[in-house]
Amino acid sequence: MANRDILHGTDSSSLENPRGFWATVHLDPTLLVLLLMLMGGGLFVLYSGADRNIDVVKAQGIRLGIAFVVMVVLAQLDPAVFRRWAPLFYTLGLVALVAVLLVGVGAKGAQRWLAVPGLPRFQPSEYMKLVVPMMAAWYLSRHYLPPRLRHLAVGMAIVLVPMAMIVKQPDLGTSLLVGMAGIFVVFFAGISWKLIAAFFALVSVSAPVMWMYGMRDYQKQRVLTMLDPQSDPLGAGWNIIQSKTAIGSGGYDGKGWLHGTQSRLEFLPESHTDFIVAVLAEEFGFVGMLVLLTVYFLIILRCLHIAVSAQDSFSRLLAGALTMTFFIYIFVNIGMVSGMLPVVGVPLPLVSYGGTSGVTLMAAFGVLMSIHTHRRMICS
């Protein structure tokens with residue numbers, strides 16, 4: 001039987017929106033409170049990580065405010081709007097990625113930004129973190145689920161094309177996040193475990209080829225540094241060594257807010273961006289990390305509930321993929337700061353200093369709230 005929208009074909013007169021204040025404003029109160037807790041705590045830690053620079057905190061507050069508005073606006077839209085316009089959003093994203101490769105703005109050896117007159121420069125690859133799973137969900141939800149092999153091939157092409165274009169910038173970290181967001185949609189569509197096993201086997205077999213021909217020298221160095229940071233303790237291994245020292249020195253309850261020596265004495269690099277979790281661990285210890293991870297866990301749990309309770313295939317696939325992408329953010333950042341993964345420049349969600357990633361994440365939460373609050377009740 002086709003896995004179709006369960007309301008498709010139902011007479012509109014038999015449907016009504018759930019009542020209540022939060023349904024009226026299309027916001028989920030549980031998720032909203034958890035996000036505000038996370039952002040507020042992030043600003044608290046950022047003040048210390050930025051060496052008590054209140055201007056950095058104010059700038060981050062403004063960015064989070066803009067991201068919050070984006071979330072609220074997207075939450076007002078019916079999921080049908082995202083489904084209807086997904087192909088156009090995706091096409092515009094591909095055009096922007098092509099423009100980056102041709103006329104993009106470069107910085108630190110990478111060409112990842114577009115500068116449009118009258119607008120602040122932006123990074124189209126961040127936009128694709130939201131659009132790629134939306135497009136993949138749109139395509140797969142139009143067919144029988146679980147998908148047939150030819151539909152899987154098209155779904156993977158939807159994911160791999162922008163992923164390859166982002167790798168060319170080069171931006172391996174973002175390309176992996178975009179790729180994972182799309183692959184989660186394919187996974188949630190119901191593919192067999194045999195295909196999943198075959199996929200991982202293919203990745204394993206192709207790893208040596210990617211190492212020899214697909215990875216740049218600095219990317220190889222990141223992997224080697226992860227495996228043995230002591231091989232170059234004053235060079236490539238410095239960041240990881242100092243980060244692990246900060247995390248370990250925090251102990252059970254930390255050294256106290258504003259009393260972290262690694263960040264205060266500038267041993268810890270990028271202490272207000274990618275490595276901010278090391279600041280938190282040093283100053284608040286195991287207890288602080290436990291609180292942070294608990295908030296993240298509750299956010300993910302709530303988002304999974306939204307995904308499971310979604311009423312159509314498109315919404316379920318998209319909500320599930322966005323939730324797992326948020327998890328990947330957390331996993332990769334904490335993994336690289338603790339030396340378990342190579343450093344790939346992935347920020348800690350809604351805690352690290354930065355604007356574009358925060359807007360993208362809050363936009364994703366806006367879509368999730370839209371999916372949850374626009375559910376319709378079938379009346380008898």
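In this predicted model, Phe188 lies in helix H7. Phe188 and Gly93 are 95 residues apart along the chain. Their C-alpha atoms are separated by 23 Å.

Helix H7 spans residues 172–188. Its partner in packing analysis is helix H5, residues 124–141. The axes of H5 and H7 come within 8 Å. They cross at roughly 15 degrees. H5 is therefore roughly parallel to H7, since angles under 35 degrees count as roughly parallel. The crossing of H5 past H7 is right-handed.

Glu126 is buried. Lys129 is buried too.

A second helix pair was examined in the same terms. Two packed helices are described by the angle between their axes and the distance between the axes. Helix H2 (residues 29–49) packs with helix H12 (residues 276–309). The angle is about 160 degrees, and the axes are 10 Å apart. H2 is therefore roughly antiparallel to H12, because the cut-off for that class is over 145 degrees. H2 passes H12 in a left-handed crossing.

How many salt bridges does a search of the whole structure find? The search finds five. One of them joins Asp28 to Arg302, with the closest N and O atoms 2.6 Å apart. This pair links distant parts of the chain. Asp28 sits in the loop between helix H1 (21–25) and H2, whereas Arg302 is in helix H12. The two residues are 274 residues apart. Both Asp28 and Arg302 are buried.

Arg83 and Asp312 form another salt bridge. Here the closest N and O atoms are 3.6 Å apart. Arg83 lies in helix H4 (residues 79–103), and Asp312 lies in the loop between H12 and helix H13 (313–337), so the pair ties together parts that are 229 residues apart in sequence. Asp312 has 10% relative accessibility and so counts as buried; the limit for buried is under 20%.

The surface also carries a nonpolar patch of about 670 Å². Val209, Trp211, Met212, Tyr213, Leu224 and Leu227 make this patch. Which elements give two or more residues to the patch? They are helix H8 (193–214) and helix H9 (217–227). H8 gives the most, with four residues. Leu227 is found in H9. Its relative accessible area is 63%, so Leu227 is exposed, as values over 50% count as exposed.

H5 and H7 are roughly parallel, while H2 and H12 are roughly antiparallel. H12 carries Arg302, the partner of Asp28.

Technical notes
Residues are numbered from 1 along each chain as its sequence is written. This is a predicted model: local features need pLDDT of at least 70, side-chain atom pairs count only at pLDDT 80 or more; totals for chains, interfaces and linings use all residues. Side-chain values use heavy atoms; hydrogens and water are left out. Patches are made of residues with over 30% relative accessible area and no salt bridge: like charges are joined within 9 Å, nonpolar side chains (Val, Leu, Ile, Met, Phe, Trp, Tyr) within 5 Å. Accessible areas come from the Shrake-Rupley method with a 1.4 Å probe; for residues, only the protein chains shown count as cover. A salt bridge is a side-chain nitrogen of Lys or Arg within 4 Å of a carboxyl oxygen of Asp or Glu. Buried means under 20% relative accessible area, exposed over 50%, partly exposed in between (1.4 Å probe, protein chains only). Axes are lines fitted to C-alpha atoms, for helices over the stretch in contact, and angles run from 0 to 180 degrees between N-to-C directions. Angles under 35 degrees count as roughly parallel, over 145 as roughly antiparallel, 65 to 115 as roughly perpendicular and the rest as oblique. A crossing is left-handed if the near helix is turned anticlockwise from the far one by less than a right angle, and right-handed if clockwise.
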